[in-house]
Number of protein chains: 2
Amino acid sequence: MTMTESATLKDQARAARAASRRLAAATTDSRNAALLALADALQERQAEIIEVNQQDLAAAEEAGMGLHLTERMTLNPERVAGMAEAARVIAALPDPVGEVLEQKTLANGLKVERIRVPLGVIGVIYESRPNVTIDIAALCLKSGNAVILRGGKEAFRTNALLAEIVRVSIEQAGLPGGAVQFVNSTDRALVGEMLQMKDDIDLMIPRGSAELVHMVAEDATMPAITGGVGVCHTYVDSAADVGKAVDIVLNAKTQRPTVCNALDTVLVHAGIAVDFLPRMAKAMRDAGVEMRCDRRALSVIGPTGSQPIGEGQGSAAPRITAAAPEDFGQEFLSLVAAVRVVDSLDEAMEHIVEYGSGHSEAIVTEDKAAAERFLAEVDAAAVFHNTSTRFNDGGEFGLGAEVAISTNKLHARGPMGLREITSYKWVVRGDGQVRE
Amino acid sequence: MTMTESATLKDQARAARAASRRLAAATTDSRNAALLALADALQERQAEIIEVNQQDLAAAEEAGMGLHLTERMTLNPERVAGMAEAARVIAALPDPVGEVLEQKTLANGLKVERIRVPLGVIGVIYESRPNVTIDIAALCLKSGNAVILRGGKEAFRTNALLAEIVRVSIEQAGLPGGAVQFVNSTDRALVGEMLQMKDDIDLMIPRGSAELVHMVAEDATMPAITGGVGVCHTYVDSAADVGKAVDIVLNAKTQRPTVCNALDTVLVHAGIAVDFLPRMAKAMRDAGVEMRCDRRALSVIGPTGSQPIGEGQGSAAPRITAAAPEDFGQEFLSLVAAVRVVDSLDEAMEHIVEYGSGHSEAIVTEDKAAAERFLAEVDAAAVFHNTSTRFNDGGEFGLGAEVAISTNKLHARGPMGLREITSYKWVVRGDGQVRE
């Protein structure tokens with residue numbers, strides 16, 4: 001990193017701060033106008049965006065990047081339209097800024113309000129997907145925050161163009177283009193530099209792999225959103241409806257196995273294991289899920305080949321094996337599940353305390369008292385009764401847009417939408433009152 | 001620090017975590033019963049508390065501690081009664097735990113709630129005042145949080161006894177005494193150790209000097225409340241009512257000059273300086289306030305002796321002098337104020353951006369538009385129109401009890417009461433719903 005680049009980052013932060021002040025005072029209409037201008041510009045400049053993206057792709061292929069990585073950074077007309085649509089959706093959401101959270105008149109006549117305000121300057125470090133540039137810029141713009149964007153080097157040309165389109169759109173609406181700053185260098189040292197700028201950046205958002213999230217959590221000197229790691233359990237209670245339990249477990253594991261709210265471990269009460277496990281095992285194997293089972297679960301359903309469990313079984317069927325200790329507490333992000341038999345609700349909850357990551361935890365039972373104990377006592381961002389952990393999602397919960405799913409307990413927990421990237425202030429109006 | 005002490009701290013943290021789970025599931029009545037038992041025990045054991053406190057005081061005097069420090073740690077019957085009263089007041093406050101923050105039924109029938117829950121384990125590092133032991137233990141107990149207390153070494157015996165009384169009272173109510181852990185050593189290395197325990201402590205609260213707050217802000221690996229430093233401005237606009245302005249400035253500066261929401265700098269519009277400054281200067285000098293003025297303010301009211309400003313003047317009157325550059329942006333915590341003349345509302349707000357600490361900022365004006373601009377654009381925990389910055393206070397704002405005044409923008413801003421030491425979780429109840 002040269003002195004110049006570091007100085008540039010400081011300059012960008014200063015410009016972002018100045019722009020954040022103007023943005024915080026801007027009207028809802030002008031911020032929405034900027035978002036709609038952005039949506040239009042993305043569609044108008046679609047060909048140019050795709051052309052620049054092709055340059056990034058060519059360079060990535062030349063550098064030997066794998067197909068699954070280049071696929072994520074590829075833009076086509078549909079994906080550009082998707083980015084434009086995201087900007088329009090965010091424009092249509094209610095404005096979080098200025099919301100009155102509380103209002104009272106004190107005995108001395110002072111009028112006290114607590115008002116939602118932008119946080120200030122948000123930093124974002126992200127990896128290969130260029131749509132993050134638009135998503136995050138749009139969310140920040142809507143919530144009155146300035147943002148400093150630091151994208152991955154593979155999609156550098158694409159991100160730089162997208163950031164430029166954002167800047168032009170903001171200025172078209174009469175707002176400060178400096179509100180969206182793009183770090184114009186792929187020098188990795190600048191990431192470290194950014195994480196030190198606690199006076200310049202109010203909140204850091206990492207978007208990408210678990211490694212990126214961990215690195216930011218470890219190294220950031222400012223508050224950072226920690227999330228993205230979900231070791232998620234579903235506990236099938238002795239009083240579960242077996243059919244429901246199979247459907248819920250299957251959905252939680254297979255509906256989208258690569259995401260943080262997907263199931264990792266099934267905990268099964270011993271009293272229902274003989275009924276439930278074979279039916280679950282059949283459904284899971286049919287869906288291609290490998291199962292890593294504790295001794296008791298294995299004695300009911302496996303290992304593969306030792307007991308026939310249904311028509312789905314065959315040479316191509318996924319394996320059922322004995323779980324290794326490290327399988328419990330692991331986030332698989334793939335079609336693998338750990339399975340354990342427990343003797344009680346308490347034992348299930350103790351397992352979750354020991355192995356869970358505080359993300360998404362579910363119980364399946366028809367026993368209302370057991371359900372309410374689980375919902376009250378399990379300490380996680382979201383707890384579920386008789387439904388799939390996959391519902392821990394900003395879109396599903398009606399937040400309209402999602403920044404991340406937080407496993408922090410301070411500030412925001414679970415899905416973070418617009419209001420979760422705001423702060424508040426106390427506004428007090430008087431007529432000469434003084435304190436006695 | 002010995003290995004044993006460090007191991008002990010870890011053990012205490014583990015015990016606190018276990019107790020926090022039981023406390024989170026405890027009823028409102030049982031937590032209130034513990035608080036009332038504590039209030040009774042403090043009064044019953046008053047003589048013993050004062051006797052132990054005398055031992056601390058004797059040791060402190062022997063060690064050559066100054067009177068103003070020993071005064072702060074002294075307990076007498078009134079102060080013990082005050083601690084008991086604080087516990088009763090906190091028992092009478094509404095329970096923050098279990099509050100439903102949001103409730104909706106999704107189109108698929110899922111019932112989604114957002115419920116307030118305790119944070120978990122709170123760490124507190126404090127200095128000489130033993131009442132902090134009771135205050136914080138009571139606030140944590142009420143909000144379902146376990147707490148690890150690390151008091152100053154001067155009041156060690158007193159704090160240890162108070163913590164023991166808390167423990168007994170909690171157990172009397174059938175709750176886990178381990179919910180309040182007292183660090184039973186005055187080894188300073190344990191403070192550093194505590195600040196590293198980010199997996200064991202969810203939030204760190206420093207209570208004491210600005211140095212302590214800064215040290216915790218710098219060194220804590222977990223989230224910490226930053227606050228306590230207030231560089232507070234009052235801007236007297238050209239359209240101010242001069243009488244009101246004098247009363248407000250005087251109150252903000254003198255009603256309790258040693259606290260964070262007291263006034264530090266008066267900004268005066270040039271158009272009202274000739275009317276306002278001499279009246280303010282007389283009132284301030286009568287109240288014993290030293291004024292450090294910029295060139296233009298000095299040309300109207302001083303320096304001392306060069307122009308008579310009223311009967312209050314004399315050899316004993318506080319000085320009016322030319323301000324040094326470092327007087328702006330300084331938190332005086334005493335009867336000293338900086339004074340500067342500005343040419344516009346914008347210049348006043350720029351001064352606040354440059355020198356303010358985001359704590360408490362006020363405007364005095366009869367011009368509603370100017371007031372609303374100031375309230376909207378000044379970025380501080382609390383902003384005031386035509387009233388004193390001294391009102392930035394949990395008690396005044398009706399929070400019932402105050403942990404601290406935060407100048408953070410994440411999680412909680414301004415006065416922090418019970419709800420500000422809580423988190424929330426999403427609770428989802430279904431009947432077999434799965435995600436499409």
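The structure is a predicted model, and every value below was computed from its atoms. Chain A can be laid on chain B by a turn of 180° and a shift of 0.0 Å along the axis, with an RMSD of 0.0 Å. The two copies are thus related as by a two-fold rotation axis.

**The two copies and their axis**

- Within chain A, the C-alpha nearest the axis belongs to H411(A), and it lies 1.8 Å from that axis.
- The same surface serves both copies, since 100% of the contact residues of chain A recur in chain B.
- In chain B, H411(B) is found in the loop between β14 (404-406) and β15 (414-416), and its phi is near 70°, a positive value in a residue other than glycine.

**Aromatic rings within and between the chains**

- A search of the whole structure, taken over all chains, finds eight aromatic pairs.
- One of these pairs is formed by F397(A) and W426(B), whose ring centres are 4.7 Å apart and whose planes stand at 25°; because planes under 30 degrees apart count as stacked, this pair is stacked.
- Another aromatic pair is made by Y424(A) and W426(A), with 6.5 Å from centre to centre and 80° between the planes, and it is edge-to-face.
- Y424(A) counts as buried at 9% relative accessibility, and W426(A) is also buried, with a relative accessible area of 0%.
- F397(A) belongs to one aromatic cluster together with Y424(B) and W426(B), so that the cluster holds residues written with both chain letters.

**Charged groups over rings**

- In chain A, R114(A) lies over the face of W426(A), at 5.7 Å from the ring centre.
- In chain B, the charged end of R114(B) sits over the ring of W426(B), 5.7 Å from its centre, and W426(B) is the residue that also stacks with F397(A).

- Most residues other than glycine have a negative phi, and most peptide bonds are trans.
- A cis peptide bond joins G302(A) and P303(A), with omega at about -5°, and P303(A) lies in the loop between α12 (295-301) and β10 (320-322) of chain A.
- Chain B has a cis peptide bond between G302(B) and P303(B), where omega is again about -5°, and P303(B) lies in the loop between α12 (295-301) and β10 (320-322) of that chain.
- N386(B) has a phi near 55°, which is a positive value in a residue other than glycine; this residue lies in strand β13 (residues 382-387) of chain B.
- N386(B) has a relative accessible area of 2%, and because buried means under 20%, N386(B) is buried.

**An exposed position in a helix**

- A92(B) has its place in helix α5 (residues 77-92) of chain B, and at 66% relative accessibility it counts as exposed, because the cut-off for that word is over 50%.
- The C-alpha atoms of A92(B) and D393(B) are separated by 19 Å, while the two residues are 301 residues apart along the chain.

Key:
Residues are numbered from 1 along each chain as its sequence is written. Chains are lettered from A and ligands numbered from 1 in the order in which they are written. This is a predicted model: local features need pLDDT of at least 70, side-chain atom pairs count only at pLDDT 80 or more; totals for chains, interfaces and linings use all residues. Side-chain values use heavy atoms; hydrogens and water are left out. Helices (H or I, at least four residues) and strands (E, at least two) are DSSP runs, numbered from the N terminus. Buried means under 20% relative accessible area, exposed over 50%, partly exposed in between (1.4 Å probe, protein chains only). Rings of Phe, Tyr and Trp (its six-membered ring) pair if their centres lie within 6.5 Å; planes under 30 degrees apart count as stacked, over 60 as edge-to-face and the rest as tilted. A charge sits over a ring if NZ of Lys or CZ of Arg is within 6 Å of the ring centre and within 35 degrees of the ring normal. Copies are superposed by least squares on the C-alpha atoms of residues with pLDDT of at least 70 in both. Contact means heavy atoms within 4.5 Å.
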